[in-house]
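Here is a short note for a colleague who has not seen this structure before. The points can be read in order, with the model alongside.

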Amino acid sequence: MGYVYLKTQAYTGSDLSINTIPLDVSSVGISVSKTIPAFPVPLSGVALGESITAALDLGMATKNISLSGTITDTSITKTIGGTPTTLTFTAHEVAQMIAAGVDSTGFAKNQAFSELVILMPSFVDSNYAARAGINTTDRSTGTLIPLTFGSRGGANSKDNLGVPTPFSTFPDASTDIGLTGFVRSFTCNFEAESFDLTFSLEFEVASIVP
């Protein structure tokens, strides 16, 4: 996948080439773990002939994204002193930059990561209509949008029926907001006689303060 980016806290605007680190990702894993308190009902097997478990859906879940891929020499643009500055970094420098960003806090805006963007092709827009100019037999004609956990439709409509105040909206453009949160872990290996580095990264979706 050539459309994965880590945004720093300094990212503003709509240009994904500025204040981001592009990632060469070969695999993306999506994990959603729902938290539902469940309680076995005493004596239910006696009265009903089978045991019953009562569960209470309180709307809690943990969402994690796992990435694996390769880090190569990369051109990165950061806003330094108010000016976008583009330089080419070795794979080892990029790995060090990511590790330092994971280790930093949100106050270090040029280091810390606050959003993960994974662009994917889409045939259906946020209003449940086919996107213009698509060919459903050709994935390359789909509009690139960021992976999110938002659903199509406004409040109490379409996929959001029964949701009075949706937390996020379904994206319609590559510049829309992706997954906000933090990097839980980053791992890479410096191998002898190797210029490219394999890596794995765990990102947890969350609302971050600051």
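1. Patches are made of residues with over 30% relative accessible area and no salt bridge, with like charges joined within 9 Å and nonpolar side chains (Val, Leu, Ile, Met, Phe, Trp, Tyr) within 5 Å. Accessible areas come from the Shrake-Rupley method with a 1.4 Å probe, and for residues only the protein chains shown count as cover. A salt bridge, in turn, is a side-chain nitrogen of Lys or Arg within 4 Å of a carboxyl oxygen of Asp or Glu.

2. The model is predicted: local features need pLDDT of at least 70 and side-chain atom pairs count only at pLDDT 80 or more, while totals for chains, interfaces and linings use all residues. Residues are numbered from 1 along each chain as its sequence is written, and side-chain values use heavy atoms, with hydrogens and water left out.

3. On the surface, Ile30, Val32 and Phe149 make up a nonpolar patch with about 260 Å² of accessible area together. Phe149 sits in the loop between E9 and E10 (helices, H or I, of at least four residues and strands, E, of at least two are DSSP runs, numbered from the N terminus). Phe149 counts as partly exposed because its relative accessibility is 31%; buried means under 20% relative accessible area, exposed over 50%, and partly exposed in between (1.4 Å probe, protein chains only).

4. A nonpolar core is a set of buried Ala, Val, Leu, Ile, Met, Phe, Trp, Tyr and Cys residues joined through side-chain atoms within 4.5 Å. The largest one has 26 residues, and Leu23, Leu67, Ile71, Ile98 and Leu201 touch the most other members. Among the elements that give it two or more residues are strand E2 (20–35), strand E5 (60–71) and helix H2 (91–103). A second, separate core of five residues includes Tyr5, Tyr11, Val117 and Leu119.

5. Which residues does Leu201 touch, not counting those up to four places away in sequence? They are Leu6, Ile65, Ser66, Leu67, Ile98, Val183, Ser185 and Phe186, where contact means heavy atoms within 4.5 Å.

6. There are four salt bridges in the structure. One of them joins Lys7 to Glu115, with the closest N and O atoms 3.1 Å apart. Lys7 belongs to strand E1 and Glu115 to strand E8, 108 residues apart. Both Lys7 and Glu115 are buried.

7. Arg131 forms a salt bridge with Asp172, at 3.0 Å between the closest N and O atoms. Arg131 is buried, at 9% relative accessible area, whereas Asp172 is partly exposed, at 32%.

8. Glu204 pairs with Arg184 in a salt bridge, the closest N and O atoms being 2.7 Å apart. The two lie in strands E11 and E10 respectively, 20 residues apart.
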